[in-house]
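Q: Can you walk me through some contacts in this one? I'll ask as I go.

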Amino acid sequence: MEQEEQKPFKILSIDGGGIKGIYSSTILEKFEEKFSCCISDHFDMLCGTSTGGLIALALSLKVPAKVISDLYLEKGGFIFNSNILSTLKQILWGGKYSNENLKICLKEIFGDKKIEESGNLLCIPAFNYTDSNTCVFKFDHKHGNLSRDNKLKYIDVALATSAAPTYFPLCHINDLCKQYIDGGLWANNPALVGVIEALCHFVGHTKAYDSIQILSISSLDPYNGNPIHSNLNRSLMRWGANIKDPFFDGQSHFANNTLRLLQDHSDININYVRIPSTSLSAKQKKQVGMDKVTKKCLEFMKGQGESQASLWYRKTEIENFFKKTKTYNTK
């Protein structure tokens with residue numbers, strides 16, 4: 001007796017990381033070229049946090065990944081428009097950047113489109129600052145009896161998930177009368193968020209799907225450990241920009257490790273594939289950062305995405321994601 005073929009629920013998850021999103025979008029750009037496809041057509045659900053949320057939202061409208069990569073490359077300096085006063089401003093009285101330039105760029109991609117126009121299920125994490133609670137913006141699918149997000153504008157959700165504290169202002173969504181900040185505070189790697197959503201509504205013994213295939217794309221990670229410090233009492237000034245790294249990196253590693261354990265111990269078949277950051281030398285790390293937007297830095301980060309993609313698209317486990325199109329339709 002032949003074993004019945006499984007019906008997998010396919011998820012794409014994209015980490016946060018500011019302008020480092022050019023690494024993730026370039027990987028996806030090269031996958032679209034290699035497999036002659038549109039990313040949106042091959043994943044039932046798209047998950048993304050912060051810059052990964054912007055990528056996921058764009059992909060859900062069938063925007064080619066190359067267009068997203070070009071946006072980072074050509075408009076990165078416009079979005080992260082820094083000057084000598086920016087860091088002082090960040091420390092003393094406001095965000096390092098206005099989000100007005102970011103809004104202009106988002107308008108070019110999203111126009112006035114609303115979440116109901118998405119071609120994919122969505123999980124876009126943010127933090128609800130008004131209610132002091134986690135938040136996941138979703139396509140209002142019938143399985144969860146949802147009715148909150150479909151009328152929201154893409155631009156508002158994009159600004160909410162990417163409102164990194166001290167970098168950009170809080171995002172106020174008038175339709176919800178609430179304010180939001182970057183989802184990276186609790187779900188910088190949103191893969192686990194997507195899997196939980198899938199298990200709650202789509203995958204299981206009594207549900208339409210019987211397994212999960214998840215492709216998780218990391219951001220470039222220049223932080224792979226720290227030297228032993230003699231000064232154990234560290235002030236805010238001594239921590240500097242490094243104060244955020246344990247939060248973002250810790251959550252990403254937790255999600256990654258949890259999914260690997262679930263893959264081995266769950267009754268549901270979970271096929272979890274994680275494309276990590278490339279390994280960077282000490283010199284290369286200086287060219288990587290969430291708002292490093294010189295031409296040299298942008299081209300370096302894009303080049304890392306190209307080299308990582310050329311390594312991974314040869315793997316059978318990646319090719320399998322693109323052999324068949326998605327089976328969940330939002331229309």
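Q: Which residues in α2 meet which in α6?
A: G53, L54, L57 and S60 in α2 meet Y154, V157, A158 and T161 in α6. Contact here means heavy atoms within 4.5 Å. Helices (H or I, at least four residues) and strands (E, at least two) are DSSP runs, numbered from the N terminus.

Q: How do those contact residues of α2 with α6 divide into nonpolar, polar and charged?
A: There are 5 nonpolar, 3 polar and no charged. Ala, Val, Leu, Ile, Met, Phe, Trp, Tyr, Cys and Pro count as nonpolar, Asp, Glu, Lys and Arg as charged, and the others, Gly among them, as polar.

Q: Where does this model come from, and what are the ground rules?
A: The model is predicted: local features need pLDDT of at least 70, side-chain atom pairs count only at pLDDT 80 or more, and totals for chains, interfaces and linings use all residues. Residues are numbered from 1 along each chain as its sequence is written, and side-chain values use heavy atoms, with hydrogens and water left out.

Q: Back to the helices. At what angle do the axes of α2 and α6 cross?
A: Roughly 160 degrees, and the axes come within 9 Å. Axes are lines fitted to C-alpha atoms, for helices over the stretch in contact, and angles run from 0 to 180 degrees between N-to-C directions. That crossing makes α2 roughly antiparallel to α6 (an angle over 145 degrees).

Q: New topic. How many salt bridges does the structure hold?
A: It holds 16. A salt bridge is a side-chain nitrogen of Lys or Arg within 4 Å of a carboxyl oxygen of Asp or Glu.

Q: What does R274 form a salt bridge with?
A: With D15, the closest N and O atoms being 2.8 Å apart. R274 is in strand β8, D15 in the loop between β1 and α1, 259 residues apart.

Q: Is R274 buried or exposed?
A: Buried, with a relative accessible area of 11%. D15 is buried too, at 3%. Buried means under 20% relative accessible area, exposed over 50%, partly exposed in between (1.4 Å probe, protein chains only).

Q: What about K302 and E29?
A: Their side chains meet in a salt bridge, 3.0 Å from N to O. K302 lies in helix α12 and E29 in helix α1, so the pair ties together parts 273 residues apart in sequence. Both K302 and E29 are buried.

Q: And which residue does K153 pair with?
A: D112, with the closest N and O atoms 3.9 Å apart. K153 is partly exposed at 36% relative accessibility, and D112 is partly exposed at 48%.

Key
Angles under 35 degrees count as roughly parallel, over 145 as roughly antiparallel, 65 to 115 as roughly perpendicular and the rest as oblique.
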